[in-house]
Amino acid sequence: MADFMASGETPEVLFWVGCAGSFDDRARKITKAFVRILNAAKVKFAVLGTEESCTGDPARRAGNEFLFQMQAQTNIAVLNGYEVKRIVTACPHCFNTLKNEYPALGGSYEVMHHTQFINALLKEGRIKVEGGDFKGKRITFHDPCYLGRGNGEYEAPREVLLKLDAALVEMKNSRKNGLCCGAGGAQMFKEAEPGNKEVNIERTEDALATAPNVIAAGCPFCNTMLTDGVKHFNKEGEIVVKDVAELIAEAGEL
Amino acid sequence: MGIGNIVFLLLLGAAAWWFARNVGRVKRNIGLGRDEDRSDRSAERWATMARVALGQGKMGTRPVAAVLHFFVYVGFVIINIEVLEILIDGIFGTHRVFSFLGGLYNVLIGSFEWLALAVLVSCLVFLVRRNLIKLKRFVMKDLDGWPRTDANLILVTEVLLMGAFLTMNAADLLLQQRGAEHYTQAGTFPVSGMLAPLLAGISDGGLVAVERGMWWFHIIGILAFLNYLPYSKHFHILLAFPNTYFSNLRPKTELKNMERVMGEVKSMMDPSVPPPAPNPPRVLAGAELPERFGAKDVTDLTWKQLLDAYTCTECGRCTSECPANRTGKLLSPRKIMMDTRDRLEEVGRSIDAKGKWEDDGKALLGSYITEEELWACTTCNACAEVCPVNIDPVGIIMDLRRYLVMEESKVPPALASMITNVENNGAPWQMAQSDRLKWAETE
């Protein structure tokens, strides 16, 4: 972003990579896949790089409003300093925080989830994909809570997946009554409370019941949870868990 | 005016007075909550109420319950036209005062009869689902004790009321056919007509006794039921309307900003901004309440969260959708709402008894809701999404968590490390901010 600023150019969009997208080995692959899509579509995009910091979502959900607001104020100062107008992110938690929670603290931006952004690129014809390896495969999409129930976006990821000429199969609980992967509300960073089952195992069972070849995710944390779930059932040889961006990048050989 | 009319008027007056008194008490209790502005977007609010409460728009996810509940709901609303006639007859000693409507009256009474039958059958099926089929959400331990009795009492009362209504009509029909004095020919009786043969052996005097007896039972039952509402989960039949009107219209996963924290953080980060002046103390029911971050007790919640608690009819759809509950964790969103109401009632009773609020050493957090329940929530909002009357349990859970963390520093150890990481290096993991762009270098 600093480079754009120095050259006096304005990027089309700021890609908010997020902590998972920056540091988590699995999520980094999603970041790179999305960047391949952005490059293929010739989108002039910027990242904040080392100036990006956690949005504060997990701190807020863990009850620490002070830390959340400090993170938010810091990030908003950086974003407003660069006069950022549009943001895209591959993490529904960053998406929700940036879109819904920053305006009250002085940071108002047009924020898109990467599945919405990819969908727009496909509709505008800026990228083209055909099914490729996924033609005829069974794909089931797991709705991230913070994208679906939280923000009412159920269709964009599905519209993108339909471009793969695959059979999109729905789980028993999907869209509005999609079952959580178990990671939200800062659960990702703690041990589960005592119970008789892990939430991600329950959700993976829903997914496996559709006999999929691919479980598609739209959130780095769901991705981790479902990947662990598939391993739990020793199905990692047959079923892959991939982000929508990875599927598009692979199918389009981007 | 006969003695019957006077007794009726006295009963009606007493019922209206007692009901108004209890509604006033509930209103006072809801007023113990913090302020929250829900006066915006009124067109959208009316539309939400029309869709969700009036139109039963969210019931359909469980079709069997939706159809049965629809019968009871429509039956309740429509049969109240008949109750209006019963009230007028009761006050003036008339009999079927609306019968001048002629053909229309026949259609009305006929449709009330069919609806009464539908309500009766639906309530019987509901009783079977709760007590014989034992659907999971109705046998969970949240409902042990009074809540389960409450649910069954409501259903049995409705069965009895509808039974009385139909028996009354059957006796009336026979008396009309026999040309008995006072019993003008009016109405069609498609359902009670089938019951009439069972009563055919009774003398005229006996039939009048049955008809009057059922008439009194029915109307006293309705007045008693009305007064039962404020003590019962069944209050939802009234509160569903304001509760959906005041629904949260913001995205479900958006957490409310804590203004007070905002002032402090701004001043911390920019020395030119003065720290916010302390809020004036909240005086509630004659007592000064301590200023708190988050919620420890019901008085720290907002009035809307308290209205939610009174509106909950304990159907348990929230709990059956809750990922934590489904995997055996202690959390049940329904219990969160029931606890909130129980605690609020306890606080209200204490205020009534002492004339003002005195700390009783108990609180919603700790005495009712445990930390384990709070930390099991994934904030997925499945509970809020599925609630047929737009209740939001997640907001209460989050406010209680905020109190735990910000006032008592009680946070699960793993989350404490996550928080330290965010504080030190701007990420929930121990990763250096300077490495944020490393992903671009790796293959």
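Predicted model: local features only at pLDDT ≥ 70, side-chain atom pairs only at ≥ 80, totals over all residues.
Chain A holds eleven helices and eight strands. Its C-alpha trace spans about 50 × 45 × 30 Å along the principal axes. A compact globule of 254 residues would have a radius of gyration near 18 Å, and chain A has 18 Å, so the value agrees with that of a compact globule.

The contacts and the burial can be read next. Of the contacts in chain A between residues at least 6 apart in sequence, 77% join residues that are at least 24 apart. Buried residues account for 66% of the 254 residues in the chain.

The surface comes after that. Chain A exposes about 9,000 Å², and 48% of this area is supplied by carbon and sulfur atoms. As for charge, the chain carries 30 positive and 34 negative side chains. The centres of these two sets lie 4 Å apart.

In chain B, the residue to look at is B:Asp308, which is found in helix H11, residues 303-311. Is B:Asp308 buried or exposed? Its relative accessible area is 2%, and buried means under 20%, so B:Asp308 counts as buried.

What surrounds B:Asp308 can be listed by residue. Leaving aside residues up to four places away in sequence, B:Asp308 touches B:Asn243, B:Met337, B:Asn390, B:Ile391 and B:Asp392. With B:Asn243 there is also a polar contact, made between the side chains of B:Asp308 and B:Asn243 at 3.2 Å.

Technical notes:
Residues numbered from 1 in each chain as written. Chains lettered and ligands numbered in written order. Heavy atoms only, no water. Helix = DSSP H or I, 4+ residues; strand = E, 2+ residues; numbered from the N terminus. Rg over C-alpha atoms; globule rule 2.2 N^0.38 Å. Buried < 20%, exposed > 50% of the residue type's maximum accessible area, 1.4 Å probe, protein only. Contact = heavy atoms within 4.5 Å. Areas by Shrake-Rupley, 256 points an atom, 1.4 Å probe, with all protein chains shown as cover. Lys, Arg positive; Asp, Glu negative; His and termini not counted. Charge placed at Lys NZ, Arg CZ, Asp CG, Glu CD. Polar contact = N/O pair within 3.5 Å; in protein donor to acceptor, adjacent residues only side chain to side chain.
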